Amino acid sequence: MNKIRVNDLKYRYPHSEKLALNDISFEIKQGEFIGIVGKNSSGKSTLCYALTGLVPHFFKGAYGGQVFIDNLEVMKTEISDLSLKVGLVFENPFSQITGSKFTVIDEIAFGLENMGIEREEMSTRIEASLKLLDIEHIKEKNPFSLSGGQMQRVAIASVLAMRPDILILDEPTSQLDPQGSDEVFKVVESLTKEGMTVIMAEHKMEKLAQYSDKILLLHEGKLIDFDTPQKIFSKKDILDYGVSPPIFTKIARALNINKEDSLLPVTLNEILTISPINSERGEKK
Ligand SMILES: Nc1ncnc2c1ncn2[C@@H]1O[C@H](COP(=O)(O)OP(=O)(O)OP(=O)(O)O)[C@@H](O)[C@H]1O
Ligand SMILES: [Mg+2]
């Protein structure tokens, strides 16, 4: 079943001359993990906003086409109703953290209070989110005393506590060290296994190659391609879009290692399972 449907979406910010999103159409199924890639200013954040209703309801501007979340048309649905279905984690946790709460627990509780969730259910959800993001030990701390990585985890926990069907993350790992990034991807993977649909704008191609089902490639507001990581990273002109494929894909291209379907491998595992290498390794045993 399609969870998200985007038809001919066009969008221009107020006082801007050019389209930030230019005639975009795609569909996303429930439980899929979708990566959004593209160079700076290609429209990744704007697309994230369009899926949550911030575009056009908050940013205003000129809007055409349609975005459906389940059967709700974003243009015709209030942000408060959309926020029950779609959660957004911003790139900068400072944009997410309310600034009015003195502990991590209260910070996570804030969104739940607004939703009118009962006290008992609230504690259950807060505890589960703290555990999932591995931040139980900082639950009494002031969010603004935390490191960037910890703050980002609190931001993700506060969105997850609202139990959205769809989670959108705009470069959520940009503040995190490699271990922190790994943890975010693992959490996201476990959420998609439980049926959550996840869309993540991200510059870490190795990670997207490993975890995502499909990748949306944007360039100057246009959707260039929407396909598996193997198809996207095998594109001959991928560098023209300012996207540098995973290191394993670059190595495979240089060494002319293709998969059976003539696409390039995108992870180390894929390289290792390609038969010539395997048989060579077998012979040496
Ligand atoms: N608030 C705004 N007002 C006017 N134009 C904007 C606004 N925000 C973004 N834009 C423009 O919209 C286009 C798409 O920007 P967007 O921020 O969506 O790109 P991005 O792919 O997320 O870039 P980055 O990798 O830097 O995060 C750019 O041309 C940008 O200058
Ligand atoms: Mg952005």
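User: How do the residues of the lining of the largest pocket divide into nonpolar, polar and charged?

Analyst: This is a predicted model, where local features need pLDDT of at least 70, side-chain atom pairs count only at pLDDT 80 or more, and totals for chains, interfaces and linings use all residues. Residues are numbered from 1 along each chain as written, chains are lettered from A and ligands numbered from 1 in written order, and side-chain values use heavy atoms, without hydrogens and water. A pocket is an open set of points on a 1 Å grid over the protein atoms alone, where a 1.4 Å probe fits, with protein on both sides within 12 Å along at least five of seven lines; lining residues have an atom within 4 Å of a point. With Ala, Val, Leu, Ile, Met, Phe, Trp, Tyr, Cys and Pro as nonpolar, Asp, Glu, Lys and Arg as charged, and the others, Gly among them, as polar, the lining has 11 nonpolar, 10 polar and 1 charged.

User: Which element gives the most to that lining?

Analyst: Helices (DSSP H or I, at least four residues) and strands (E, at least two) are numbered from the N terminus. α3 (79–82), β6 (86–89), α4 (93–96), α5 (104–115) and α7 each supply at least two residues. With 6 residues, the top contributor is α5.

User: Where does the largest share of the lining of the second largest pocket come from?

Analyst: Both α6 (119–132) and α8 supply at least two residues. The largest share is 4 residues, from α6.

User: How many charged residues are in the lining of the second largest pocket?

Analyst: This pocket is lined by 16 residues; Leu 160, Arg 163, Leu 191, Glu 194 and Met 196 lie nearest its centre. By class, 7 are nonpolar and 4 polar, and the charged number 5.
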